[in-house]
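Subject: Structure handover

Hi,

Here is the structure we talked about. Please open it first, then read the notes below.

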Amino acid sequence: MHRSLARALQRQARASSWGYAPSSFDLGPRKLPDGLLDKDVADYLRWTLGTVQHVRVGQQRSAALAAALKSELERLREAGYQIGPQAHTQAITLLARWGRNVEARVTLEEAKRKGMIESAEPYEELMKGHAMCGDLHGIQQVIREMHQAGWKITKQAYNYLLMGFSKRGEQSHALSILEAMKDSGLQPDRMSYHWTIMACNNYTAARRVFDDMIEKGIQFNDQTFSALLKTCVKAGDAANGMAVLVEAISDGLKPSSTVFNQVMRLHLKPLDMNAVASLYRKMREIRIPPDFVTYCIFIRACKLECRGGIKVDGRAISLAEAGLEQARRDGTDHREVYRELLSLYNKVGDRKKAEEIANVMLKALPGDNRTIDTSPTVWA
């Protein structure tokens with residue numbers, strides 16, 4: 001691609017906001033160099049509209065993106081630029097990632113009519129779009145079309161099929177596809193095992209897949225452990241959730257505060273205050289700063305102790321209060337922390353502290369016009 005154009009598009013991509021309004025997708029008139037090849041056009045589309053390909057876009061925004069892409073392709077055609085196989089593939093990629101699978105299929109059909117399919121990649125990208133939506137019927141239809149067109153089912157295609165099963169929680173089908181992948185002569189990679197683990201509904205099945213991956217010499221990472229942990233979260237399996245977290249730390253990984261929060265939540269029902277406190281101490285020990293969600297969970301644990309008739313000590317109250325300070329420092333919306341803390345004070349019978357928090361809430365949260373009642377029944 002022309003270096004000057006590539007640099008200009010890269011600068012534009014870095015300067016673009018990740019919170020686009022639909023009107024900002026209008027690319028406007030743009031002078032491009034003469035003699036752009038198909039690959040150059042594909043790169044141009046990727047740098048102008050591809051900067052939002054990993055953002056969660058709503059229906060309105062995705063429609064605006066699709067309209068902008070269509071308009072830009074028409075403009076490029078009218079200007080005489082080459083719209084070849086790579087440009088078509090890039091258009092399918094973008095549409096699929098925005099969740100516009102119908103438009104992606106139309107583009108794929110157009111590319112087939114014009115003889116613009118040079119690899120299995122356009123099919124794979126459409127499969128990915130269906131997989132992200134959990135549309136198994138769409139994935140299977142694309143696989144049939146690939147086979148009819150004479151393309152082999154690739155490892156990537158199998159992985160997208162596994163992704164689709166994981167989105168639907170289809171454990172038995174995912175395990176069958178993993179075995180079929182091996183039987184076809186393709187060696188599953190880390191993502192194959194990742195999506196299969198994500199499809200599992202219980203820790204036992206997920207652990208077998210994980211151990212098979214290790215036996216095959218495939219290195220795990222934090223994503224693999226996160227997938228294993230999610231099976232524990234889905235099944236409400238606190239004991240194995242804690243075991244997976246301890247194993248990840250002992251293997252040199254550094255789980256995020258979000259992972260710790262997930263395991264903490266598992267120990268709320270039934271309440272295991274020792275486990276919650278232990279997880280909090282481990283976070284501090286390996287220097288993972290708790291976020292305001294961590295403190296909210298800790299406050300809820302304190303409330304559950306009160307409900308069980310157990311007296312909450314001063315240290316627990318101090319940790320709960322630390323959550324409010326953390327939320328203030330982070331500049332996050334700490335309304336939830338205020339309310340949880342107010343509820344806790346009511347449960348322990350500290351009327352004075354409850355009134356203090358209520359007064360702070362009235363000053364700090366002027367947008368909340370609801371009258372704040374400090375009676376225990378309201379905030380329990």
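Glu103 is partly exposed, at 28% relative accessible area. The cut-offs are these: buried means under 20% relative accessible area, exposed means over 50%, and partly exposed lies in between (1.4 Å probe, protein chains only). Glu103 makes a salt bridge with Arg100, 2.9 Å from N to O. Arg100 is buried, with a relative accessible area of 12%.

A note on the source: this is a predicted model, where local features need pLDDT of at least 70, side-chain atom pairs count only at pLDDT 80 or more, and totals for chains, interfaces and linings use all residues. Residues are numbered from 1 along each chain as its sequence is written, and side-chain values use heavy atoms, with hydrogens and water left out.

Salt bridges

Side chains of opposite charge can pair when their charged atoms come close. I counted a salt bridge when a side-chain nitrogen of Lys or Arg lies within 4 Å of a carboxyl oxygen of Asp or Glu. How many salt bridges does a search of the whole structure find? The search finds 14.

Lys114 and Glu110 form one of them, with their closest N and O atoms 2.9 Å apart. Lys114 is partly exposed, at 43% relative accessibility. Glu110 is buried, at 18% relative accessible area.

Glu247 and Arg207 form another, with the closest N and O atoms 2.8 Å apart. This pair links distant parts of the chain: Glu247 sits in helix α13 (residues 238-250) and Arg207 in helix α11, 40 residues apart. Helices here are DSSP runs (H or I, at least four residues), as are strands (E, at least two), numbered from the N terminus. Glu247 is partly exposed, with a relative accessible area of 22%. Arg207 is buried, with a relative accessible area of 16%.

There is also a network. Salt bridges with shared partners join Arg105, Glu109, Lys112 and Glu145.

Aromatic pairs

The structure holds three aromatic pairs. Rings of Phe, Tyr and Trp (its six-membered ring) pair if their centres lie within 6.5 Å; planes under 30 degrees apart count as stacked, over 60 as edge-to-face and the rest as tilted.

Phe210 and Phe220 form a tilted pair, 6.2 Å centre to centre with 35° between the planes. Phe210 lies in helix α11 (residues 203-215) and Phe220 in the loop between α11 and α12 (222-235), so the pair ties together parts 10 residues apart in sequence. Both Phe210 and Phe220 are buried.

Phe210 also pairs with Phe225: the ring centres are 5.3 Å apart and the planes are at 55°, so this pair is tilted. Phe225 lies in helix α12 and Phe210 in helix α11, so the pair ties together parts 15 residues apart in sequence. Phe225 is buried, as is Phe210. Ring pairs link Phe210, Phe220 and Phe225 into a cluster.

Backbone points

Most residues other than glycine have a negative phi, and most peptide bonds are trans. Two places to look at follow.

Which residues does a cis peptide bond join? Lys269 and Pro270, with omega at about -5°. Pro270 is in the loop between α14 (257-266) and α15 (273-285).

Arg287 is not a glycine, yet its phi is positive, near 60°. Arg287 lies in the loop between α15 and α16 (292-307). Arg287 is exposed, with a relative accessible area of 72%.

Best wishes
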